[in-house]
Protein chains: 2
Amino acid sequence: MHLTRIPSDTVFQALADETRLRIIHLLVETGEESCLCELVDSLLEPSYKLSRHLKILRQAGLLTSQKEGRWVYHRMLEEPSYITRLYDVVRALPDADGVYAADLTRFHERLCLRDGGRCLVGIQREEFRAEAVD
Amino acid sequence: MHLTRIPSDTVFQALADETRLRIIHLLVETGEESCLCELVDSLLEPSYKLSRHLKILRQAGLLTSQKEGRWVYHRMLEEPSYITRLYDVVRALPDADGVYAADLTRFHERLCLRDGGRCLVGIQREEFRAEAVD
DNA sequence: TGCATAGTTGCACTATAGCGCAACTATTAT
DNA sequence: ATAATAGTTGCGCTATAGTGCAACTATGCA
């Protein structure tokens with residue numbers, strides 16, 4: 001699948017960030033794929049930030065991204081086997097602050113806006129919308 | 001056991017380094033405990049470097065260290081459950097360069113020098129011994 | 001054709017991680 | 001006591017990671 005060999009510590013490096021863990025937790029827990037704007041509305045983080053974190057996850061061989069018109073859908077990969085074991089760890093993580101739970105709640109709400117399983121709207125949260133030029 | 005709450009990303013941060021992965025791989029694969037000098041002779045890395053990495057693993061809640069005379073024995077912890085799942089990942093990691101295998105070979109050789117299951121000698125490799133002051 | 005918008009990325013800044021050196025503590029043996 | 005040695009750590013250095021801002025590309029719609 002990927003031609004470049006990925007060092008083992010790179011994989012863990014990819015998980016060694018709270019925002020990336022939130023992304024992974026969300027996608028692993030739901031088994032869903034998600035476009036960037038849905039993630040923005042779920043994690044309440046700006047798109048440029050999430051976009052960069054998604055790139056890191058992709059380069060670490062954890063995530064695949066597919067463009068579909070204006071939207072890009074991201075989903076976790078299921079191979080090789082140490083990756084799926086990694087997801088077992090992620091699912092077993094404590095959620096002391098309830099951050100993961102809150103992300104999930106917002107994500108599920110956001111999924112209701114889909115039409116035919118596809119995201120047809122952009123970022124809903126005002127504070128993360130690109131402000132129109134007057 | 002540990003009173004301080006450890007953030008999830010700290011745990012992965014602890015694995016996000018090649019040297020620390022080598023330490024963990026060695027201890028997880030063998031189920032052994034090891035003192036610093038044995039690790040130096042197995043990983044061929046200077047003691048100050050390994051000592052610092054061991055501290056990071058300890059602070060991440062992955063490792064426990066017990067002093068016994070002049071020696072300090074380190075072993076991986078088995079709780080909480082996401083930790084043991086993490087070890088499943090470590091065991092499933094590819095060893096493309098054979099680094100883990102080479103570490104294991106040297107470790108097993110080094111274990112032969114133990115007496116009554118305890119390490120009674122210091123660093124064997126010349127290049128990592130503290131040079132005597134003439 | 002032109003505008004709105006989903007998403008990406010260059011840049012500058014700051015914070016932190018890992019390193020080697022050398023000095024340090026603690027324990028044992030002579 | 002004193003020397004040797006197992007192990008730890010402060011310091012200074014360098015490299016890199018994460019961030020916000022703003023500019024950028026690309027796609028679809030009026």
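How do the residues of the surface near DNA strand D divide into nonpolar, polar and charged? I counted 9 nonpolar, 5 polar and 10 charged. For the classes, I took Ala, Val, Leu, Ile, Met, Phe, Trp, Tyr, Cys and Pro as nonpolar, Asp, Glu, Lys and Arg as charged, and the others, Gly among them, as polar.

**Ground rules**

I am working on a predicted model, where local features need pLDDT of at least 70 and side-chain atom pairs count only at pLDDT 80 or more, while totals for chains, interfaces and linings use all residues. Residues are numbered from 1 along each chain as its sequence is written, chains are lettered from A and ligands numbered from 1 in the order in which they are written, and side-chain values use heavy atoms, with hydrogens and water left out.

**DNA strand D**

I looked up which residues surround the strand. There are 24, and the closest are A:Arg20, A:Arg52, A:His53, B:Cys37 and B:Ser51. Near here means that a heavy atom of the residue lies within 4 Å of the strand.

I then checked single atom pairs. A:His53 puts a polar side-chain atom 2.6 Å from a phosphate oxygen. For A:Lys67, the partner is a sugar or linking oxygen at 3.3 Å. B:Arg52 reaches a base oxygen, at 3.0 Å.

Next came the elements, taken as DSSP runs numbered from the N terminus (helices H or I, at least four residues; strands E, at least two). Helix 4 (47-59) of chain A supplies at least two residues of this surface, as do helix 3 (36-43), helix 4 (47-59) and strand 3 (71-76) of chain B. Helix 4 of chain B gives the most, with 6 residues.

**Chain A against chain B**

I noted 22 residues from chain A and 22 residues from chain B in the contact (heavy atoms within 4.5 Å). The buried area is about 1,900 Å², and carbon and sulfur atoms give 75% of it. That area is the accessible area (1.4 Å probe) lost on putting the two parts together, summed over both. A:Phe12, A:Tyr82 and A:Val89 supply 31% of what chain A buries against chain B, more than any other three residues.

On the side of chain A that touches chain B, helix 1 (8-15), helix 2 (18-30) and helix 5 (81-92) each supply at least two residues. The largest share, 8 residues, comes from helix 5. I sorted this side into 13 nonpolar, 3 polar and 6 charged.

I searched for salt bridges across this interface and found 0. The rule asks for a side-chain nitrogen of Lys or Arg within 4 Å of a carboxyl oxygen of Asp or Glu.

**Salt bridges**

How many salt bridges does the structure hold over all chains? I logged 24. In one of them, A:Arg22 meets A:Asp103, with the closest N and O atoms 2.8 Å apart. A:Arg22 lies in helix 2 and A:Asp103 in helix 6 (residues 99-111), so the pair ties together parts 81 residues apart in sequence. A:Arg22 is buried at 8% relative accessible area, and A:Asp103 is buried at 1%. My cut-offs are under 20% for buried, over 50% for exposed and partly exposed in between (1.4 Å probe, protein chains only).

A:Glu38 pairs with A:Arg114 at 2.7 Å. Both are buried.

I also looked at A:Asp88 and A:Arg91, whose salt bridge is 3.1 Å, N to O. Both lie in helix 5 of chain A, 3 residues apart, about one turn of the helix. A:Asp88 is partly exposed at 30%, and A:Arg91 is partly exposed at 41%.

Conventions. Polar contact = N/O pair within 3.5 Å; in protein donor to acceptor, adjacent residues only side chain to side chain.
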